[in-house]
Amino acid sequence: YQRRVHGGTRASCVVDSVGVLRFASPRPIMGGDVLTSILQADLQSRNPSAAIDAATAKCIKDAYSSIVAPSSSSCLPLARRHVLPDGTSVEIGATSQGLVGELLFSGGSLQAPMNVPTLALAAMLGADIGCRKELAACVLPTGGTTCTPGFHERLRYELQLLSGGDAAPSMSVTKPPGKTRGAEAWIGGSILSALPVFEQLCTTRQEYNESGPDIIHGKTL
């Protein structure tokens, strides 16, 4: 689901693995490298004497980020410490550990107009009404950020809440095996390239030269 600079999150619908329903959010929400840069700024402001680059921030994001489940929202993670290669010790408080989750699920202090749950639900509602129940039964998050502990549980809870609670059709968020998590986008791409529909989604050099990189996302998502 990541765009070309790994800085955005999109949602699209696929039915029976052969047809991509061309509906996505009007514009991608934050994700990937954008989340890393925001966390980097947060950590730098809390540890002014440390030199925290993007690679270090990504390492910390992958190792310490967590998403608190709604049922345990009062249980904040304990502060942790991370030692940089130069020996500097960086404090990673509860706010920093939960920053990625807050941005993805509520927009955090940025007050984004759309978050991951509303993005996914908008994609479902944009599909034909006859296949919405099928789509709700198999929501598949992809990308490295979805490996954050608590992501799948929080997404299912928020989707169920947005769609009407217990009275609504059950939402099922699929969690792939550990060895493939974070690589689903690449695996899905390899499967798609082997299907007959793939040629319809390809972009010619002439189309690319006329419209630029955005045509790729317009045709496929």
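## Overall make-up

The protein chain has a secondary structure of 11 helices and 6 strands. The model is a predicted one. Of the 221 residues in the protein chain, 38% are buried.

The protein chain exposes about 12,300 Å², and carbon and sulfur atoms supply 57% of that area. Considering contacts between residues at least 6 apart in sequence, 56% join residues at least 24 apart.

Helix α2 spans residues 54-64, and its buried residues are Thr56, Ala57, Ile60, Lys61 and Tyr64. Viewed down the axis of α2, these buried residues fall within an arc of 140°, so they line one face of the helix.

The exposed residues Ala55 and Ala63 lie on the face of α2 turned away from its buried side. What covers the buried residues of α2? The cover includes the helices α1 (33-46), α3 (94-97) and α4 (99-105), together with the strands β5 (80-83) and β6 (89-92).

## Packing of α1 against α2

Two packed helices are described by the angle between their axes and the distance between the axes. For α1 and α2, the angle is about 100° and the axes are 9 Å apart. Angles from 65 to 115 degrees count as roughly perpendicular, and α1 and α2 are therefore roughly perpendicular to each other. On the α1 side, the contact is made by Thr36, Leu39, Gln40 and Leu43. On the α2 side, Ala54, Ala57, Lys58, Ile60 and Lys61 take part.

## Packing of α5 against α7

Helix α5 (residues 116-125) and helix α7 (residues 151-162) have axes that come within 9 Å and cross at roughly 55°. This angle makes α5 oblique to α7. The crossing of the two helices, α5 and α7, is right-handed. Helix α5 contributes Val116, Pro117, Thr118, Ala120, Leu121 and Met124 to the contact, while α7 contributes Phe151, Leu155, Glu158, Leu159 and Leu162.

## Glutamine 97

Glutamine 97 is situated in helix α3. Is glutamine 97 buried or exposed? Its relative accessibility is 3%, and glutamine 97 therefore counts as buried, the cut-off for this class being under 20%.

Leaving aside residues up to four places away in sequence, glutamine 97 touches Tyr64, Ser65, Ser66, Pro77, Leu78, Ala79, Arg80 and Ile92. One of these, Tyr64, is also among the buried residues of α2.

Notes. Residues are numbered from 1 along each chain as its sequence is written. This is a predicted model: local features need pLDDT of at least 70, side-chain atom pairs count only at pLDDT 80 or more; totals for chains, interfaces and linings use all residues. Side-chain values use heavy atoms; hydrogens and water are left out. Buried means under 20% relative accessible area, exposed over 50%, partly exposed in between (1.4 Å probe, protein chains only). Helices (H or I, at least four residues) and strands (E, at least two) are DSSP runs, numbered from the N terminus. The arc is that of the directions from the helix axis to the C-beta atoms. Contact means heavy atoms within 4.5 Å. Accessible areas come from the Shrake-Rupley method with a 1.4 Å probe; for residues, only the protein chains shown count as cover. Axes are lines fitted to C-alpha atoms, for helices over the stretch in contact, and angles run from 0 to 180 degrees between N-to-C directions. Angles under 35 degrees count as roughly parallel, over 145 as roughly antiparallel, 65 to 115 as roughly perpendicular and the rest as oblique. A crossing is left-handed if the near helix is turned anticlockwise from the far one by less than a right angle, and right-handed if clockwise.
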